[in-house]
Amino acid sequence: PQELLTHLGRLQRSGIHQEYEELRKEPPPGTFHCAQAVYNQERNRYGDVLCLDQTRVRLKPRRNERSDYINASFMDGYKQKSAYIGTQGPLEKTYGDFWRMVWEQNVFVIVMTTRTEEGSRRKCGQYWPLQEGGQEVYGHIAVVNQRVDHHTHYNHTTLELHNTETCEQRHVSHFQYLSWPDYGVPTSALTLIDFLGAVKRQQRKMVKALGLQWAGHPLGPPMVVHCSAGIGRTGTFCALDICLSQLQDVGSLNVCQTVRRMRTQRAFSIQTPDQYYFCYNAILEHAQRQGLLPANQ
Ligand code: PTR
Ligand code: PTR
């Protein structure tokens, strides 16, 4: 924290923006061939937000499916390989692919940091049954909404998944954060950090409940994190998680390195200088609340 404070003092806001502009200039270290293939183009929500071939999540081969493509990338967390899958907000024609990915990767927790509509613009499809008791079938996965817990800044929905081919059943937690417009920053850093805490508690709880099934994978399968494009808010959320975990573990952190590494896995992660600045600011507010720093610095 002291290091962070010094760094902040030195850089201040404009310096942090400058640091972000430098990061932005570094080209993505890979190729986008699969995302650009003609038959995959309709699977991208935004033609200019593609995922790297080197880190993309491949859907498992299936009969009658010619493509294994979904706009989703594995991203490392703090001391955890593939802690997240960063992905775009599902499109109607990719709902089946999305649930297939959730099933195949054994995902327990889905984090959504966008609303389905903002203003009058569609940001993400309604890819899960919204009402308690509701049920929808997406490809070979049936999804039942078991309950919705409403919190001030987010909803936590418990979903039950049925694989209609194998007759297996699983639970998945869906967390939707409600106050974060795209290209913007959340209205409050601490409510986002509290949201992050709730998400992590749930992931730990599910991993513990499943116990030995996850031997060799102590922190569990990846969490799916998405917004609309899956780069701005998704990147900010994951960067914050990594930095706070590192702060807690070793008492220091490095936002710039974290974001640089993240952009090599989910290209274009963090979309605006203010989102980048928000990471610093949120860490600072958190450190103050934890008593790691004097207030009003
Ligand atoms: N081409 C889109 C645009 O111009 O708005 C791409 C885009 C959309 C990029 C949303 C980022 C966005 O934000 P987020 O990743 O937070 O959903
Ligand atoms: N619509 C997005 C935008 O204009 O920001 C699409 C986009 C995404 C453009 C990433 C450029 C991007 O790369 P970088 O973040 O490296 O500038």
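**A hairpin and a ligand site**

So, let's start with a hairpin: strand 8 and strand 9 make it, with five residues between them. Have a look at cysteine 167 in the turn, where phi is positive, about 65 degrees. Keep in mind that this is a predicted model.

One pairing to pick out is histidine 162, whose bridge partner in strand 9 is glutamine 169.

Strand 9, which covers residues 169-177, also pairs with strand 3, residues 109-112. Those two run parallel, with four bridges joining them. Here you can find valine 111 with phenylalanine 175 of strand 9 as its bridge partner.

Okay, over to the ligand. Ligand 1 sits in the second largest pocket. There are 13 residues around it, and the ones that come nearest are Asp48, Ser228, Ala229, Gly232 and Arg233. Sorted by class, that shell has six nonpolar, four polar and three charged residues.

Which backbone atoms are close to ligand oxygens? For glycine 232, a polar backbone atom is 2.8 Å from an oxygen atom of ligand 1. For alanine 229, a backbone N or O atom lies 2.9 Å from a ligand 1 oxygen, and for isoleucine 231 a polar backbone atom is 3.0 Å from one.

How values were computed: Residues are numbered from 1 along each chain as its sequence is written. Chains are lettered from A and ligands numbered from 1 in the order in which they are written. This is a predicted model: local features need pLDDT of at least 70, side-chain atom pairs count only at pLDDT 80 or more; totals for chains, interfaces and linings use all residues. Side-chain values use heavy atoms; hydrogens and water are left out. A residue is near a molecule or strand if one of its heavy atoms lies within 4 Å of it. A polar contact is a pair of N or O atoms within 3.5 Å; within protein, one must be able to donate a hydrogen and the other to accept it, and residues adjacent in sequence count only if both atoms are side-chain atoms. On a 1 Å grid over the protein atoms alone, a cavity is a set of points where a 1.4 Å probe fits but cannot get out, and a pocket is an open set with protein on both sides within 12 Å along at least five of seven lines; lining residues have an atom within 4 Å of a point. A molecule sits in a cavity or pocket if more than half of its atoms lie within 2 Å of its grid points. Ala, Val, Leu, Ile, Met, Phe, Trp, Tyr, Cys and Pro count as nonpolar, Asp, Glu, Lys and Arg as charged, and the others, Gly among them, as polar. Two strands pair if DSSP finds at least two bridges between them.
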